[in-house]
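Please have the sequence and the structure in view.

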Amino acid sequence: MFDKLLIANRGEIALRVARTCRELGLRTVAVYSAADRDSAVVDFADEAVRIGPAAAKRSYLDAAAVLTAAEITGADAIHPGYGFLSESPDFADACRAAGVRLIGPPADVMAELGDKQSARTLMAKAGLPLLPGSLDAVEFDEAQTLAQRIGFPVIVKAVAGGGGRGMTVVHEAGDFPRAYRETRAAARMLFGDSRVYVEKYLEQARHVEVQVLCDTHGAGIHLGERDCSVQRRQQKLVEESPAAGLPDGLAARIGRSAVAGVLAAGYTGAGTVEFLVDAAGNYYFMEVNCRIQVEHPVTEMVTGIDLIAEQIRIAAGEPLGRSQDDIRPVGASVECRINAENPAAGFVPTPAVVSEFTPPGGPFTRVDSHLRAGYSIPPNYDSLLAKVVVWAPDRAAAIARMRRALGEFRISGERLCTTREFLLEVLDRPEFRAGTHTTALVGEMLGEAGAE
């Protein structure tokens, strides 16, 4: 096991990792930018190192600064959390060269799965179903011809994309040239790689993902599925486990496919394989996320397994110590993300000073957050403020518990808007309660609000 672990992230996930490290008896190092000098993890960790100014490119995305902090503090492992450097093969290579263990898969595996072209090719060979589209990156003429052949709507995606960025849905043939150009430009700006591919877009689909764990001894298991269909701009707002309303046997088939795919890639650590499920119960591979997910707590709640601890143990070379038959999820869990955003204005971020923060409590209620009264929400980073997670014996009881928890949640500040009220509206939607909602739900809600 490691002696000292550096947490190369911020906000709630940095504090989340630090707490598990303390339970494991590991010393921790927090890194922080100028904007985060008063953050909760800085106070909680055993040591803290400032690595740069507020801008992420000069702090949390500065691999050299992070590795320097590891060197001067004697950290022998780095947990990257999610976002920032968590899926950077270059950073993984730099950690290896520096003699520091990155908590995650090897750089070559990360590179292959992070490239949507190579990932789709690999998963197809492993037997995972794909949506109609291109396996390879396509230039404009080929892309347009392909879009016309598979039929609109289609989606143009960046080969190097992820996290809901670098993609454009196209409903009409006349809109395709502009969408293609804009997606390529966005991909170049966001990822430094302008390659794109085209695939069929499912308008009424479920977003279902599978949590996997693979050790360095060739063993791999999954911990069940999560439904992440409540999204705005292809980014998630509500997640739950298990996924409600799937046809009999489908969840098990998706789980087996996910494990087959990551083992074929030589994956190690915790990862997530994402799928789309259509109305007929067909499922299609989307992508692999080579990191811990924001929504990992719902899996922890139904399995009783600390995923951060599992990541660390795997990185230290320990075997999984459990088989697929040992995984028996119990009950239902729901997570709601409280973001500093204004849903009525297209979910625009609303950074502000928090004047009041009172998280909910009660049985089987968990809140992952770095907030406190007086905290100034910086405008430089993601707008996530807190994750409210509940567990109950069944889905209906979990939804009721979440409504109660969100009703107790108190957060305020001048010009601060959050997603709390919108999330309560989601929970009251009849299609959500019935478990028949799709990725179109939030768009439908906003359209109805606009019509009013």
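Is Arg 429 buried or exposed?

## Arg 429

The model is predicted. In it, Arg 429 has a relative accessible area of 15%. Buried means under 20%, so Arg 429 counts as buried.

Arg 429 sits in the loop that runs between helix H13 (420–428) and helix H14 (430–434). Apart from neighbours within four places in sequence, Arg 429 has contacts with Leu 441, Met 445 and Glu 448.

## Cysteines

How many disulfides does the structure hold? The number is zero. Cys 21 is in no disulfide, and the nearest cysteine sulfur belongs to Cys 95, 15 Å away. A disulfide would need the two sulfur atoms within 2.5 Å. Cys 336 is likewise in no disulfide; for this residue the nearest cysteine sulfur is that of Cys 228, at 12 Å.

Cys 21 is buried, with a relative accessibility of 0%. Cys 336 is also buried, and its relative accessible area is 0%.

## Helix H9

Helix H9 covers residues 250–265, which makes 16 residues. From first C-alpha to last, H9 reaches 23 Å, close to the 22 Å expected at 1.5 Å a residue. Just after H9 comes Gly 266, with a positive phi of about 75°.

Which residues of H9 are buried? They are Leu 250, Ile 254, Gly 255, Ser 257, Ala 258, Val 259, Gly 261, Val 262 and Ala 265. In an α-helix there are 3.6 residues a turn, so residues three or four places apart point the same way.

## Domains

The domain assignment divides the protein chain into domain 1 (4–103), domain 2 (132–200) and domain 3 (206–446). Between the C-alpha centres of domain 1 and domain 3 the distance is 23 Å. Their contact takes 33 residues from domain 1 and 28 residues from domain 3.

Domain 1 and domain 3 bury about 2,300 Å² between them, and 57% of this area is on carbon and sulfur atoms. Four salt bridges are counted between domain 1 and domain 3. Lys 387 forms a salt bridge with Glu 12, and the closest N and O atoms of the pair are 3.1 Å apart.

Technical notes: Residues are numbered from 1 along each chain as its sequence is written. This is a predicted model: local features need pLDDT of at least 70, side-chain atom pairs count only at pLDDT 80 or more; totals for chains, interfaces and linings use all residues. Side-chain values use heavy atoms; hydrogens and water are left out. Helices (H or I, at least four residues) and strands (E, at least two) are DSSP runs, numbered from the N terminus. Buried means under 20% relative accessible area, exposed over 50%, partly exposed in between (1.4 Å probe, protein chains only). Contact means heavy atoms within 4.5 Å. The expected span of a helix is 1.5 Å times one less than its number of residues. Domain bounds come from an automatic or database domain assignment. Buried area is the accessible area (1.4 Å probe) that two parts lose on being put together, summed over both. A salt bridge is a side-chain nitrogen of Lys or Arg within 4 Å of a carboxyl oxygen of Asp or Glu.
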